[in-house]
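Try each task before you read its solution.

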Amino acid sequence: MSAIQVIPLNWYLLLSTVLFTIGVLGVLFRRNAIIIFMSIELMLNAVNLLFVAFSSYLSDSKGQVFVFFIMAVAAAEVAVGLAILMMVYRNTKTTDINILNKLKW
Amino acid sequence: MKALILLSSLGTLALLAEIFGFKKRIFLISLLGLITIFFVNLLDWNLAPNIFFGMMQYDHYAVAFSSVILITAILWFIMSESFFKEETNRTDRLSLVLFALAGAVIMVSYTNMAMLFLGIEILSISMYILTGTLKDDLNSNEAAFKYLIMGAFSTGFLLFGIALIYGATGSFDINEIKEFITARESTVPSIFYVGVLLMLIGLSFKVSAAPFHFWAPDVYQGAPTVITAFMATIVKTAAFAAFLRLFSISFSDITATWVNIVWVMTALTLLVGNITAVAQTSTKRLLAFSSVAHTGYMLLALLADNSYSSSAILFYVTAYSFGSIVTFCILNIIINTYGNDNINSFNGLGKSNPLLAFVMTLALLSLAGIPPTAGFFAKYYVFTAVFKSGFIYLVLIAIFASLVGVYYYFKIIIAMYFKDSTNETIQATMNQKILLVVVAFAIIALGIFPDFIIRLL
């Protein structure tokens, strides 16, 4: 029995769901762009945790490989995201997203 | 498969052009390369190989949709030549577009959830950057930022769904998931159903179906016009092909879990898209809402989930892409002349440039679904597919929605022919004129001989 399986699977499921929900709420309610990025990372890492737990319980390595894909893509996304944020910051001198309200009907 | 490899190589070549100093010629090289890739792609018809260790399958569905994507890309390249004329960032823009196309090809041919995820991300990350290409324009910044946040947010939902489905079935392969459901009909764990719903939410964000459409109008309006055209045609085609592939292969045996949700989403998308479009004064935003509305029509075929679905959607995206390319090409010319995209800018186009006005009218009629254009048969096939599955009320809603659609498309046509212009001359380049005439012929040809595409799948 591997170290991961000391804890029952349902607890992992619960923990990931809670972490994911915190991430979702962070994206919806926080107004600082950097914190929104952090919340998105939290969402993705909750998913990673879930993948690793399932992978261990199913004795199947595919889930862990998927985690590497997610990590690589998340890194690329944050790189692009921070570049876009820098571009916004140069034009507005703030990271508060309330300034971004030019486009609406 | 060859298309994917060649597209990625072409994208890398475009990056190398900056170093080895042939960036003056790289646009032409890319365009010729795309035309070559289009024909090479057709050679894969009937081969149906399982490629990359069964992670992708290049079946008829994949070849047909990637051909639509590639032909739209060729037309898009011709219309957006000026986008690649600037001295700086020329090669970056080109390679990002080519990588986005590679992502789109992955999205139409995946059989493994990992490839679905990678395809979506390759496409999306390139699009985030392209949306923000006008670095000093605050609208472009805002659009890029919103697109990035909403894209990453929806990816989170998609991944959580994939994780739960993996936990239930132990597989990422869409065919194995189908076998799993067939084998254990009544004892599928409940997390599987949660996973299906989360994936549904994630993919609805990507195709901009209501109530997850709110980012689309903002992003479409803020992005450079040519990139908006790219998003409205190629990205939508790829996202929808991916959506349909997943739901028609993996989840078609458990329609009971998602059919009601998709029903409501379809009705909402049709009504919200069409009715909100009526109130718009910015043409770009109007076309953005019209693109949301067209997602609704495509969702109808997805909901039908029968043997007509894929050919109906293939025809729909073809007709819709051709119509959109024309409208955005002309809109781009208008924006470059007047500096704004208000509907009033179209006033008197019928007198000042009859060719543009005529082609624009034809494209708008096609988008509105009026015979003898391609759009009429596109709607006809979609409605037939959904009618055969027994969703009669939804067909009525869709017909009502198309009537509303006719109203706002005619607003532009009326502005062009019945209002006086401010007497500015509007000039299209020779390439643009050829493009417009060719696509106009294609729209009419597809309206007269729709069988050509419908028989493919």
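**Exercise 1.** Find which residues of α9(B) meet which residues of α12(B).

*Solution.* Contact means C-beta atoms, placed from the backbone, within 7 Å. From α9(B) come Ala216(B), Pro217(B), Tyr220(B) and Gln221(B). They meet Lys284(B), Arg285(B), Ala288(B), Phe289(B), Ser291(B) and Val292(B) in α12(B). Helices here are DSSP runs (H or I, at least four residues), numbered from the N terminus.

This is a predicted model: local features need pLDDT of at least 70, side-chain atom pairs count only at pLDDT 80 or more, and totals for chains, interfaces and linings use all residues. Residues are numbered from 1 along each chain as its sequence is written, while chains are lettered from A and ligands numbered from 1 in the order in which they are written.

**Exercise 2.** Describe how the axes of α9(B) and α12(B) cross.

*Solution.* Axes are lines fitted to C-alpha atoms over the stretch in contact, and angles run from 0 to 180 degrees between N-to-C directions. The two axes come within 8 Å and cross at roughly 140 degrees. Therefore α9(B) is oblique to α12(B). (Under 35 degrees is roughly parallel, over 145 roughly antiparallel, 65 to 115 roughly perpendicular, the rest oblique.)

**Exercise 3.** Is Ser59(A) buried or exposed?

*Solution.* First locate Ser59(A): the loop between α2 (33-57) and α3 (62-92) of chain A. Next, count neighbours: Ser59(A) has 9 C-beta neighbours inside 10 Å, so it counts as exposed. (Buried needs 20 or more other C-beta atoms within 10 Å, exposed 12 or fewer, partly exposed in between; C-beta atoms are placed from the backbone.)

Conventions: Helix = DSSP H or I, 4+ residues; strand = E, 2+ residues; numbered from the N terminus. Contact = placed C-beta atoms within 7 Å.
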